[in-house]
Each structure stands twice: as C-alpha cells, then as structure tokens.
Amino acid sequence: MKFRDLLAEVPNVLAPPDEDVEITAPVSEMAQAVQPGGVFVARAGRTVDGHTLIGDAVARGAAAVVGTRAPGEVECPVPYAQVADGMLAAGPLASAYYGHPSRRLTVVGVTGTDGKTTTATLLHSILQSAGLGAGLLTTISAIIGDQTLETGLHVTTPTADEVQRYLAQMVDAGLTHAVIEVTSHGLAQGRVHGVEMNIAVLTNITHEHLDFHGTWEQYRRDKGRLFEMAAETARASGALTGAVINAADPSASYFGERAAGVDRVVTYAADGMPADFRAQDIDYGPDMTHFTLVGPGGLNVDLESPLVGPFNVANTLAAAAAAALIIDGPARYASAVAEGARRLPPIPGRMQRIDEGQDFLAIVDFAHTPNALRRALEAARSMISPHGRVIAVFGSAGLRDREKRRMMAEVGMELADLCVLTAEDPRTESLDGILEEMASGAARRGGAEGETFWRVPDRGQALAFACSLAREGDIVIACGKGHEQSMCFGTTEYPWDDRDALRSALRGAPLLTLPTATGP
C-alpha cells in the first residue's frame, strides 16, 4: 500500500508527508522491531520518547515514519507525517495494512480486573463447541485454528500491530469469530484502536493498576472504552453488537451507560442477585463444579466444569451470557454451553494442579490483585476438608501500586491459615522493603511472624518452605506468577516458572531465584 493510503485511515493527520512511498512491511511502535519497508510510529512513552529512535528505525529499513512532533522538529530522511495522537494512529494504520481484519470477524473483547483469561478461554471453548470457527487471543497465547502461539513473557494486550496481525491470521485461517482478552493498559495505550469491537464483556473491576492509571475513575474510564467501542461499531456498521455486564459489580450501571446504542445488553450474577443469567444449585467439589444455568426464555442447563471456586461460576456465567448473543437456537446454544464448559482445556497458571505424588494439594494461580487473591484462597478452601489448612505463597510487585502490598497481606491473613511472603517481580525496588510493607499489613490483621506468616525472599525457597509446612489434607497455593515465564529483578527478566519451581520444591530440590535482593 501507499503511505498516504494508510494515513487516510488515521484521525487528525496534522501534516501529511511531502512525498509518498510504497509500504511493504508492517507498522511498528518499537524501533527494534521495524522491518524493511515498514512504518515506524514514534510517540512519547512514559520512559522513552519514540522520536529519539527515528534514526534507529530508519537504519533498520523504515520506509516512513508517523509522529506527533512537527516535521521541522525531527530529523527524518524518509517520508514523515505528523498526527495529533500517536497512540490513536498505530491501530488504524495496522488495521489498514492488514486489510481491516476485524471487519470480517465477530470480535468479542473481554475486560475486567480479574478473570479475563478464564472467561475468554471459556467463551472460545463454547463457540467451538457450537461449530463456529473461533480464534482466541489472551495474555497467555493466541490460538488460531490448530496453531497455538505464545504472546510473550510479561505482557498485557499485545501491541496494536500484533493484535491486527493475529486477527488477519484468523481471517486467513477461515475463522469467523475472535475472542480477545483486553487489559486496561491495552485500552489506555491504544493497542486495540482500529479493532471493530462487536461485543464487550466485563468480569469485574476492583483495586488494581492505579500506579499506571493514576485514579480509580481513570482506571474505570479506560475499561469503559471497550464498551464505547462496541457502541461505535453499532453506529458505524450495523453489525451484531452487544454488552455483557456483571450485575454484581458496583460499576455495572456505569458500563451499561458506556454501551448505549449496542443491540443488546445482558447481565449475569453469581451471587443470587437479579440478572439475565444466573446460577442455581451450585455444588463445589475439589475437582469439579456443578450448577444449573438459568436465563431468559426459560433457559435451564445443567453444567459441569473442571473450574473450581465461586469466582469461576461468575466467569462461566459471563462466557455463557456472551455466547447467547452469538449462537442461534436454544437447543444448539444449551448444548454448546454444556459441552464447552465440560471440555474446557486446562488454562496455564489458573488454579493449575501440580502433582508429584505428595499427600496434599499443590496449586499455581495467577492471582496478583487483592480481589483475585481473595477468590483464589476461597477456592482453595473449597477444595479441602474442614480440617485441612490453606498455605499461601505470594508477593507484591515492585514499581506498581504500593497500596496492594498491605491489602494482599491482609487478605492472606484473613483467608489462609499460613502465609509465606516472597518475591514477585521486585524490579528496581528493594525486595526487603516490599516484604516489610507486606509484613506490617499481615501483623495489623493479627498475623504473628514466625507463627502464621514468614518472610522468605527467595521464591524457590519460599515454595520449598511452604511445602515443608504442609500436612496430609492441606493445600499449598502459589499466587501471583501463574503462567508467566520470567521474574524481574532490577531491569532484567530472569527465567522463572512457578509451576516448575513448585514441582522442584515438591521433589525436594527447590529452584533458586537470583538475585535475592535488588534496589537501594
């Protein structure tokens, strides 16, 4: 495509390029990822101004550059265009380059503080059970037909170019539907701009990422953008649109207002409050959850799911409600929901069991927010006998919302019998300082250090210590890392997998996390 043809898709082009050029490679927001013949989008980030990397991008073969500075303020030897907002430009540019793939798919976006990956994976399983060609894009992987592609180490929503590339691959594979996990960072940073969103799904919204968003109100506004995108699709194309909202969430009405104009808004609730989709006769087992899905038109479906805990009932309801907007025919829908829930593949790092022949349960979960930790510990409690103990291993990330440290420790002391506080991506902060804040929170909630909670900075040793405390019938649950494949000390990502580390601990050979201290 010609550079000016791509720019025609971008709002607020302030200065078009002096000359045109053929674009033969994708759009990129990262100078180091630019391919010869591609477009580099230079914008000011939180730590690096992309305009200072234009020379690097051109050296790598960038055929054109888009930025927010005036042409006279940058040195650029290739065609350059100034736009009002680089964050709003990257997505539409990438969408145009790949031929607007979202226009040929029914796209479902799933957002919320917790439960996004599980809900998206559930919905994907249900749509496939209905015989629909559906792709899946989460923070864990992209599933496109028979292909499963990892999406990175520490990631939120992939970059705008990657999102469009995955969607284009889904179209090329003959798929008709796409389910995307959409994070608040991804929404705030424009990573899904250019995607024509058909259905928006909300799991919940609780305390998280205020270090990035600044305020609770801004965090909610960024999440609400997904619902506004569905409403924009309804106005622009007349395609199928809808919104699925957790009626039990205090912000339910806010998200309903953001979705004004979509074809249909449906609600769900797992706690007995009025909603379109509800759960009855719930039976929580250590390996399986059974309940009856009830909904509009006399819907009554018995469900069996390998997901455990009350929060996964809510996730299942969210996925079932979204599927109701897509799958035609009551019988076909009921069958697809039942089969999709029952046949759900294991979700890496989400209440994942680790079995090395021990006489207690061992679980790895991604819970890294206070609410997610609460839900994970509640689920863990439901998996053991009344005489069993919950032993929780968790930390709190550096350079992130500091208030979480106290809150995580308080939740741990409230719901677990024993807590081991340890490293979780301290980054450039002092790990000892982070653990001190957590220990203070645990003590304020009545914890006694050395009796009901411990500080073990090395995460591998922490897992080994927790396993040494466990007796027959207990459960050890490692929270915070889940599927992630690295841990950040300083500015370096060191290889790390909680699942491998817990297996090693159970075998008596704990992995070591190096270094064990960072920061001042």
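**Notes on the predicted model**

1. Let's begin with arginine 427, which counts as buried because its relative accessible area is 12%; here buried means under 20%, exposed over 50%, and partly exposed in between, with a 1.4 Å probe and protein chains only. Arginine 427 sits in the loop between β20 and α14 (431-444). Although this residue is not a glycine, its phi is positive, at about 55 degrees. Helices (H or I, at least four residues) and strands (E, at least two) are DSSP runs numbered from the N terminus.

2. A word on the ground rules: this is a predicted model, in which local features need pLDDT of at least 70 and side-chain atom pairs count only at pLDDT 80 or more, while totals for chains, interfaces and linings use all residues. Residues are numbered from 1 along each chain as its sequence is written, and side-chain values use heavy atoms, leaving out hydrogens and water.

3. Histidine 100 also deserves a look at its backbone: phi is near 50 degrees, a positive value in a residue other than glycine. You will find histidine 100 in the loop between α3 (86-97) and β6 (106-111). With a relative accessible area of 14%, histidine 100 is buried.

4. Which residues of the largest nonpolar core touch the most other members? They are Met351, Leu377, Phe394 and Ile477, in a core of 60 residues. A nonpolar core is a set of buried Ala, Val, Leu, Ile, Met, Phe, Trp, Tyr and Cys residues joined through side-chain atoms within 4.5 Å. Another core lies apart from it, with 44 residues, including Val110, Ile140, Ala314 and Val337. As background, nonpolar side chains tend to be buried together in soluble globular proteins.

5. Is leucine 512 buried or exposed? Leucine 512 counts as exposed, because its relative accessibility is 51%. The residue belongs to the segment after α16 (498-506).

6. Strands β3 (residues 39-42) and β4 (residues 64-67) are parallel to each other and share four bridges. In one of the pairings, alanine 42 has glycine 67 in β4 as its bridge partner.

7. How many cavities of 30 Å³ or more does the structure hold? The count is one, and the largest cavity contains about 30 Å³ of space. On a 1 Å grid over the protein atoms alone, a cavity is a set of points where a 1.4 Å probe fits but cannot get out, a pocket is an open set with protein on both sides within 12 Å along at least five of seven lines, and lining residues have an atom within 4 Å of a point. Points are joined across faces, edges and corners, and a volume is the space filled by probe spheres set on them. The cavity lining consists of Thr289, Phe291, Ser305, Leu307, Gly309, Asn312, Val313 and Thr316. β15 (289-295) and α10 (310-324) each supply at least two of the lining residues, and α10 gives the most, with three.

8. The second largest pocket has a volume of about 400 Å³. It is lined by 18 residues, of which Pro92, His193, Gly194, Val195 and Glu232 are the closest to its centre. Helices α3 and α8 (216-237) are the elements that give two or more residues to this lining; α8 gives the most, with five.

Terms used:
Two strands pair if DSSP finds at least two bridges between them.
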